[in-house]
Amino acid sequence: MSSRVKTWLGIAAIPIMVWTLIPILWIVATSLKPIPALADSTQNVFGNFWPKHPTWDNYSLIFTGGARDLFVPALWHSIIVSLVATLISVILATFCAYAISRLNFPGKGVILTTALAVSFFPVIAMVTPLFNLWRQIGLFDTIPGLIIPYLALTLPLSIWTLTAFFQQIPWEMEQAAQVDGATSWQAFRKVIAPLAAPGVFTTAIIAFFTAWNDFVFSLNLTSENARTVPAALTFFTGASQFTQPTGAICAAAVVVTIPVIILVLLFQRRIVSGLTSGAVKG
């Protein structure tokens, strides 16, 4: 790629970056505004964008104030549910994708087609039957009762991503290990698994983001004992019936966005490597 093309691509990327960052900066600015500044534009600068006197009151409200009992448990629920759902999804998808890419058996195409169909199925259509079933068997408002539906979101995507990645790994490497005396499990564990690590890691990140951002299942299948942050934000209230909890909601949104940003910044190269490694078979 010539330097001229790189320059033009960089120039074209600037408005895209600005367009993407403005909503994020707006949420951060709103989270730092005192309550009077939310309704009085004279207390802000750059129009009504940034507060003249930033404050951490909204963050104190969700961690140590009146919203603590609602936000902190929901944050822990989000962490536990997302991590467990991601772990189970990646383990099951790894073995399933390996079998699909390496073995010839009846119904292999049906599995992939079903996984694709499930990933496109409207989430809201599954809420009502799950709500009735969960109430009957005692899974409503429980951590396992939220993890199981999350597998319906993360597992199909994980299977598709890992299947494409495993198909890119040459089968001859596994056969060479078996010729040297390794069993099928040893060849998978010592040869295939290290090569598949970038794809597995990328799949885990994507699955975690999917579970972390879910709103529909968390809102309808939980009450207080297992509610995650996206659903908990809808129950935030102001100090009185005339006060909107805009600042507290924005502060909570900033807090739950920080782990996503940190993961992307720390593992950006691995994510890109994992997504592109399975793009070309050979």
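**Close-up views of a predicted model**

**View 1. The largest nonpolar core.** Ile62, Phe71, Val229 and Phe236 touch the most other members of this 23-residue core. A nonpolar core is a set of buried Ala, Val, Leu, Ile, Met, Phe, Trp, Tyr and Cys residues joined through side-chain atoms within 4.5 Å. Buried means under 20% relative accessible area, exposed means over 50%, and partly exposed lies in between (1.4 Å probe, protein chains only). Two or more residues each come from helix 3 (57–63), helix 4, helix 9 (184–212), helix 11 (229–232) and helix 12 (246–266). Helix 12 gives the largest share, seven residues. Helices (H or I, at least four residues) and strands (E, at least two) are DSSP runs, numbered from the N terminus. The model is predicted: local features need pLDDT of at least 70, side-chain atom pairs count only at pLDDT 80 or more, and totals for chains, interfaces and linings use all residues. Residues are numbered from 1 along each chain as its sequence is written, and side-chain values use heavy atoms, with hydrogens and water left out.

View 2. Val229 touches Phe71, Ala74, Leu75, Ser78 and Val256, leaving aside residues up to four places away in sequence. Contact means heavy atoms within 4.5 Å. A second, separate core has 16 residues, among them Tyr98, Ile100, Ile159 and Ala177.

**View 3. Val200 in helix 9.** Val200 lies in helix 9. Its relative accessibility is 22%, so Val200 counts as partly exposed. Val90, Thr94 and Leu162 touch Val200, again not counting residues up to four places away in sequence. Phe166 is 34 residues from Val200 in sequence, and their C-alpha atoms are 9.9 Å apart.

**View 4. A nonpolar patch on the surface.** Trp76, Ile80, Val84, Ile88 and Leu92 form this patch, with about 440 Å² of accessible area together. Patches are made of residues with over 30% relative accessible area and no salt bridge; like charges are joined within 9 Å, and nonpolar side chains (Val, Leu, Ile, Met, Phe, Trp, Tyr) within 5 Å. Areas come from the Shrake-Rupley method with a 1.4 Å probe; for residues, only the protein chains shown count as cover. Ile88 lies in helix 4 (residues 68–102). Ile88 is partly exposed because its relative accessible area is 33%.

**View 5. Salt bridge between Arg102 and Glu174.** The closest N and O atoms of this pair are 3.1 Å apart. A salt bridge is a side-chain nitrogen of Lys or Arg within 4 Å of a carboxyl oxygen of Asp or Glu. The pair links distant parts of the chain: Arg102 sits in helix 4 and Glu174 in helix 8 (residues 171–179), 72 residues apart. Arg102 counts as buried at 6% relative accessibility. Glu174 is also buried, at 3%.

**View 6. Salt bridge between Arg68 and Asp69.** The whole structure holds two salt bridges. Here the side chains of Arg68 and Asp69 meet, at 3.9 Å from N to O. Arg68 is partly exposed, with 40% relative accessibility. Asp69 is exposed, with a relative accessible area of 62%.

**View 7. The two domains.** The chain is divided into domain 1 (1–55) and domain 2 (68–267). These bounds come from an automatic or database domain assignment. The domain centres, taken over C-alpha atoms, are 31 Å apart. Six residues of domain 1 are in contact with seven residues of domain 2.
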